[in-house]
Structure formats: C-alpha cells, structure tokens
Amino acid sequence: MATVHLRIGDLVWGKLGRYPPWPGKIVSPPKDLKKPRGKKCFFVKFFGTEDHAWIKVEQLKPYHPHKEEMIKINKGKRFQQAVDAVEEYLKKAKGKDQAHSDDKSKSDKGRKAAKPMKIIEEDDEDAFKGGSSDKEQTDSDPEPSSVRRLVAGTVSGFKWESSPVKDDPHFHHFLLSQSEKPASSMEPITKRLKIIEEDTRSTSIQAADSTAINGSITPTDKRIGFLGLGLMGSGVVSNLLKMGHVVTVWNRTAEKCDLFIQEGARLGRTPAEVVSMCDITFSCVSDPKAARDLVLGPSGVLQGIRPGKCYVEMSTVDPETIMELAQVITSRGGRFLEAPVSGSQQLSNDGMLVIVAAGDRSVYEDCSSCFQAMGKTSFFIGEAGNAARMMLIINMVQGSFMATIAEGLTLAQATGQSQQTFLDILCHGQMASTFVDQKCQNILQGNFKPDYYLKHIQKDLRLAISMGDSVNHPTPMAAAANEVYKRAKALDQSDNDMSAVYRAYIH
C-alpha cells in the first residue's frame with residue numbers, strides 16, 4: 001500500500017470497525033487525550049454526527065479522490081446527509097478563502113508568503129503534540145446536523161487494508177453518539193469520551209453504537225428466532241421485522257404472535273422448533289424460573305439445539321442461571337450469549353435499548369444487525385455471567401432511585417408542599433432526566449400503566465441483594481427499597497409500573 005500523506009484539516013473517508021466508510025476531517029485531539037499506542041492514527045471528526053475517533057492511517061482515504069466510489073456503495077439517508085454536510089462545509093470554506101484572498105490582495109501586497117502547513121506522514125510520532133489553536137479548531141469544525149449516529153452495517157464492494165479494530169489490543173475507538181446537544185468546540189470531548197484502559201486483570205469493553213431509528217442497516221442473512229413477546233420482547237421483534245430481519249416467533253400465550261405474523265414473522269409451535277429452524281434464537285422472559293423452563297422444559301430450547309446453533313438469553317436473571325444455561329447449551333455444541341437489556345417498553349418500541357452482552361464474542365458479532373435494530377448502544381463485557389451481574393447492579397440502582405423519588409413526593413405532600421413544584425424544581429436541577437419527569441408525571445396523574453413491571457424491578461432488587469450477599473458486600477439501600485416494593489406488591493401493584501411503588505407510601 002502506498003504511503004498515505006495527510007495533515008490536520010484534510011477531509012477523509014474513515015473506516016471504523018464494522019461501520020461503513022464515513023466522511024470526516026482530521027483535527028487536533030484535545031490536549032489531554034493521549035494518542036493510542038500501536039499503529040499510526042489520526043483524530044477524526046465525522047460529518048453529520050457528534051462522533052470523533054482515533055482512526056488508523058490505513059483506515060483513511062482522501063475525500064475527493066474517493067467521493068464517487070463512496071457514494072455509489074452507500075445510499076443511506078444519513079450517509080447522504082453527511083455528504084451534504086461536507087459540501088456545505090466546503091462551500092463555506094471556499095467563501096472564507098475568497099474573502100481572505102481579496103483582503104490580502106488589498107492590504108498585504110508584496111509580503112512574503114506564509115510557510116505552508118507541515119504534512120503529517122505515517123511515521124510522524126510527534127504530529128499532534130503542537131496541535132492548532134482553539135480558534136482555528138472552532139472555525140474549522142464541520143457544521144453539526146440532526147444526525148446522531150454513524151450508519152452501521154457492511155458495505156460491499158469496498159476493501160480496506162487493515163484487520164478489524166478488535167484484532168488490535170492497543171487500539172480503541174470512542175464513539176460520542178450519546179450527547180443530545182452538539183458540541184460547539186473540541187473542549188467537551190474529553191468529558192464525554194469513554195476511555196478504555198488495557199488491564200490484564202479485567203475485561204476490556206467495546207461500545208458499538210447503532211442506528212435503528214430512521215437509519216439504514218443491513219440485516220443479517222441469518223434466520224432469527226424470538227421467544228417471549230412481553231413488554232420488552234414485543235418492541236424488539238417489531239424493530240427486527242422493520243429492519244428486514246427474517247424472524248420466527250413463539251410465545252407461551254400464542255395469541256400474542258398474531259400481530260407479528262401479520263407484520264411478516266413466521267410462527268414456531270414450540271421453543272425447540274424455533275431453535276431448530278433458526279440460526280440465532282433470542283429469548284426474553286420474566287425471571288430465572290421462566291428462563292430455565294424455556295430451555296430445559298418439554299419441547300424446550302435444548303431439544304432443538306444442534307452444533308453451531310446460537311442461543312441469546314436477553315432475560316434479566318442471576319449469574320448462576322446464566323452459567324447453568326450456558327453450560328447446557330454449549331454441551332450440545334450450541335453457542336451461547338447473554339444479552340440483557342436496560343430500558344423500558346417505550347424504549348423497546350423506539351429501538352433505543354441498551355444491550356449488555358457477555359459470553360461467546362463471535363455470537364455477539366453475528367448479532368450485530370439485530371442489536372442495531374433493537375438498541376442505541378451495545379456493550380460486550382467478557383465471559384458469561386458478567387452481563388447478568390452488571391444488569392442487576394443497574395436495575396438495583398434504578399429501583400432504589402425510583403423508591404426514593406416516590407418517598408420524596410409523598411413527604412412533600414405530607415409537609416404541605418406542592419408535589420408539582422417539587423417535580424419542577426427537581427427537573428431543573430442536576431437530577432433532571434426524562435426518567436424522573438415521566439415517572440413523576442405519571443404518579444401525579446395516577447397513571448400506572450406498566451412500562452416496566454413493578455414485580456420485575458422487585459425481582460431484580462432481590463437478586464442484586466443476593467448477589468451482594470454472595471460476595472459479602474453490603475446493599476443496605478437496595479434492601480430498604482426492596483421492602484418498599486414488597487409492600488407495594490402486597491397492595492396488588494405487581495402488574496403496574498414500577499412507579500406504583502408510590503402507593504406503598506400512601507397506604
């Protein structure tokens with residue numbers, strides 16, 4: 001491969017992992033952001049997104065020479081918006097250059113030409129040490145757009161020289177798609193970067209942002225099975241179908257399958273039949289007992305497992321259940337991944353779940369387009385059991401927080417304070433979030449339609465407390481919250497939303 005000669009300010013096509021080539025601009029990194037070790041790379045700000053990343057030099061190609069080639073192989077809406085952003089940037093830059101040229105010809109005739117910018121080559125170790133001024137950086141940043149994430153998926157017909165990112169232990173990429181507000185300069189980047197340090201004692205984490213909503217993804221050609229069409233599973237299956245996946249469904253209550261059959265899904269008569277018909281089968285059920293029964297029961301998953309079949313457990317259960325399921329699946333030659341999700345029914349419907357996966361890394365990669373369809377972000381965190389532990393901790397915090405919010409609302413009322421004012425103040429402070437606003441508004445309106453079942457968050461608290469006991473770690477806040485949810489269940493709130501924990505304080 002010919003040596004790539006690039007410099008700060010150059011427009012490029014950048015290739016990041018499994019993502020398609022995307023237009024960007026080489027910029028100076030934040031002063032306190034270290035350049036990754038290993039192969040030479042440049043810091044790139046992508047157009048049409050709020051993403052920035054270190055990109056290896058062999059994953060970069062000059063923008064103009066490859067423009068037509070890139071446009072031919074990528075027809076996605078977001079991709080076109082990104083290209084339009086590049087053209088708008090070039091148009092503005094040309095106008096600035098023309099104005100500058102006119103001013104210079106009038107006032108600086110006869111002056112010596114400025115020294116040209118140094119070209120950065122592959123072997124230039126100190127290229128980024130000097131950087132550019134803050135003013136130069138801000139003036140040259142691409143214009144932000146409403147597009148928030150890189151389009152994920154495989155782009156056929158375009159070959160890059162290097163191996164995937166995952167093969168290089170010293171190279172990490174950092175996607176910044178989580179911000180709702182575009183950054184006006186490079187300064188906030190360091191505050192939002194997820195910097196992952198290599199540590200031989202722990203499992204490294206790689207985040208993979210996805211683009212299901214209004215995006216363009218390439219669905220896998222593998223046949224997908226899905227078991228369990230509850231609050232979360234229904235939204236997941238709907239998004240898998242919308243994004244073009246071939247899906248076979250099964251549910252304990254068969255009538256729930258009807259809507260998805262109308263949307264193009266196929267029907268499996270038993271879990272074993274679904275697994276035998278499909279390459280990758282997902283399950284999403286209520287608790288550890290349901291997860292075990294689905295695999296080990298009559299006509300269960302285990303009867304349909306064959307060598308090479310993939311099983312993905314998305315239920316939030318304890319790590320012991322995950323280890324048991326992983327063992328029995330792999331004993332039959334199957335491949336196992338756990339992938340519990342963080343979110344609610346609404347987020348599931350919107351394709352905005354957060355997926356936390358662990359187990360067989362190759363299954364995680366095979367599920368790429370599925371995770372893109374159902375979620376906004378996915379994480380892989382190592383061996384089976386880790387995702388169960390992490391999700392229980394996440395839900396323990398969320399459940400305890402919800403109980404505390406309910407306690408605050410009822411205490412406000414008991415002391416003669418306006419609950420609405422309490423909420424207004426809360427939502428203008430540091431604790432402001434969509435979660436707080438929606439849950440509190442529903443409480444004030446007496447609307448406890450389930451978005452996440454109260455009985456399920458209580459189950460997660462119970463499992464998290466048990467997990468703490470197993471490692472002799474105290475969980476007093478979770479234990480207190482668990483008692484409040486148990487009281488709410490005694491008041492017949494199990495099938496209401498988790499926010500119905502409020503009723504435990506007023507009875």
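Buried means under 20% relative accessible area, exposed means over 50%, and partly exposed lies in between (1.4 Å probe, protein chains only). The model is predicted, so local features need pLDDT of at least 70 and side-chain atom pairs count only at pLDDT 80 or more, while totals for chains, interfaces and linings use all residues. Residues are numbered from 1 along each chain as its sequence is written, and side-chain values use heavy atoms, with hydrogens and water left out.

Thr475 is located in the loop between α18 (454–470) and α19 (476–490). Helices (H or I, at least four residues) and strands (E, at least two) are DSSP runs, numbered from the N terminus. Which residues does Thr475 touch, not counting residues up to four places away in sequence? They are Met396, Ile465 and Gly468, where contact means heavy atoms within 4.5 Å.

**The whole protein**

The protein has 19 helices and 15 strands, and 50% of its 507 residues count as buried. Among contacts with a separation of 6 or more, 70% come from residues 24 or more positions apart. The protein exposes about 24,800 Å², of which carbon and sulfur atoms supply 51%; accessible areas come from the Shrake-Rupley method with a 1.4 Å probe, and for residues only the protein chains shown count as cover.

**Aromatic pairs**

A search of the whole structure finds 11 aromatic pairs. Rings of Phe, Tyr and Trp (its six-membered ring) pair if their centres lie within 6.5 Å; planes under 30 degrees apart count as stacked, over 60 as edge-to-face and the rest as tilted. Display Tyr311 and Phe336 next: their ring centres are 6.5 Å apart and their planes stand at 35°, so the pair is tilted. Tyr311 belongs to strand β11 (residues 310–313) and Phe336 to strand β12 (residues 335–338), so the pair ties together parts that are 25 residues apart in sequence. Tyr311 is buried at a relative accessible area of 0%, and Phe336 is buried at 4%.

Move to Tyr364 and Phe380, a tilted pair with 5.2 Å from centre to centre and 40° between the planes. This pair links distant parts of the chain, 16 residues apart: Tyr364 is in helix α13 (residues 361–366) and Phe380 in strand β15 (residues 375–380). Are Tyr364 and Phe380 buried or exposed? Both are buried.

Select helix α9 (residues 288–296), whose buried residues are Pro288, Ala291, Leu294 and Val295. These residues cover an arc of only 130° around the axis, which puts them on the same side of α9; the arc is that of the directions from the helix axis to the C-beta atoms. An α-helix has 3.6 residues a turn, so residues three or four places apart point the same way.

Continue to Ser299, in the loop between α9 and α10 (301–304). Ser299 has a positive phi of about 55° although it is not a glycine, and at 31% relative accessibility Ser299 is partly exposed.

**Last stop**

Finish at Asp492, in the segment after α19. Its phi is near 65°, a positive value in a residue other than glycine. At 67% relative accessibility, Asp492 counts as exposed.
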